[in-house]
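Colleague: I would like a close look at one part of this model, with its charged pairs set out one by one.

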Amino acid sequence: MMELKEHVSGQIEAVLKHDKKVASYKLALLRAFCDMSDRDASAVSWLSSGFIGMPVRALAECWLRYYWPLIASPVHIPQSNNDHPGSTRPPAFRTALGHLIQLCQTNYGTDPTVTYSLFILGWKKDNLPVPIVKQLNKTLAIMARTLIDGPVRHAAQGDMFCYDKTRKLVLLEVDLWREFCLSGYWIRDSLLLRWSELCENFAKRSDPTIHRGVVLPLLVQDEDPKREQGLARRLYAEATDLTCVWSDTPLNMSRMDVDHVLPFSLWHNNDLWNLLPSDEKVNNAKRDKIPAPEFLRRRHEIIIDTWRFANQIEPKVFQYEVQRTLGEFHVSRWELDLFQHLSERAAQAIYQRGEEPWQWQG
């Protein structure tokens, strides 16, 4: 078993260290594997062939999030050896994504974080303007084609991953997938550093002012968590008998905090199912700790009742997020599927990552 683990880790390290990189695409694909294993592991398909399958559309959506800040930057951040201002061979998706960003800036303003957050919220609510929807689909299609024709097809490790055209799945060896599930949190940090270094190398000839210190903040830029919490806060303001999910304390809006059940510092997850109402005193005690699995089981009923309320008030957003997390939204059992996912992520954080377990003792 130890030899197998070392072999698997060596395969990933070989891609990170020794594989020739003329573009950032392979790093972006590996980062998507990390994020899928961390946030959306329940959405993958387990195949009898010894592989797991990830929908290529889901991976392309990861790429959209990664490349958006890089392309939106007022300075040109190159993503390949040939990517420089005026290049005749820029990344295939640069023009399409740039046009999507311009459309969103016209509709939502030019503040980078706000623009992206409002775009994502409109996407979840299914109320994006038609021109943005068309450009979004075009951009995702180009990104899907790029990741298939690039890093998937030219994987240095041979059968490390491949593409199933019939099912539109990127396939990854089960042992490698398990390694991403166990170690993706740390692999991602290495990927981000190497990606920033790669951009610095690409920029040396065209713009030596582009260095890793410029690139790295763009690589970790995400949605505005306060804006996402604002949606949850407005949602819970409509409840008539709101109580803290951890302590049963009756809440009013002045003493309510919106708690990330799985801490934002670890998961960067602003889905409504991960944003639950908490008494401010209880939330301060919890902070970045992880609810212990046995404590989650005791709070099972109120957590699911809160999810049902969120689904009633914001069904499009809630169901979009659950479907992305689980792969499907089963009307008859989504509550049980989602609670199992939450419990598994909490246990993984505590028993595999060594995060501190927590339960309310008040």
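Is Arg-178 buried, partly exposed or exposed, and what is its relative accessible area?

Modeller: Arg-178 is partly exposed, at a relative accessible area of 44%; the scale calls a residue buried under 20% and exposed over 50%, with partly exposed in between, using a 1.4 Å probe and protein chains only. This is a predicted model, in which local features need pLDDT of at least 70 and side-chain atom pairs count only at pLDDT 80 or more, while totals for chains, interfaces and linings use all residues. Residues are numbered from 1 along each chain as its sequence is written, and side-chain values use heavy atoms, leaving out hydrogens and water.

Arg-178 forms a salt bridge with Asp-175, at 3.7 Å from N to O; the term requires a side-chain nitrogen of Lys or Arg within 4 Å of a carboxyl oxygen of Asp or Glu. Asp-175 is also partly exposed, at 31%. Both residues belong to helix 7 (residues 174-203), where they sit 3 residues apart, about one turn of the helix. Helices here are DSSP runs of H or I with at least four residues, numbered from the N terminus.

Glu-200 is buried at 15%, whereas Arg-212 is partly exposed at 40%.

Elsewhere, shared partners join Asp-35, Asp-38, Arg-65, Arg-188 and Arg-353 into one network of salt bridges. The structure holds 20 salt bridges.

Conventions
Helix = DSSP H or I, 4+ residues; strand = E, 2+ residues; numbered from the N terminus.
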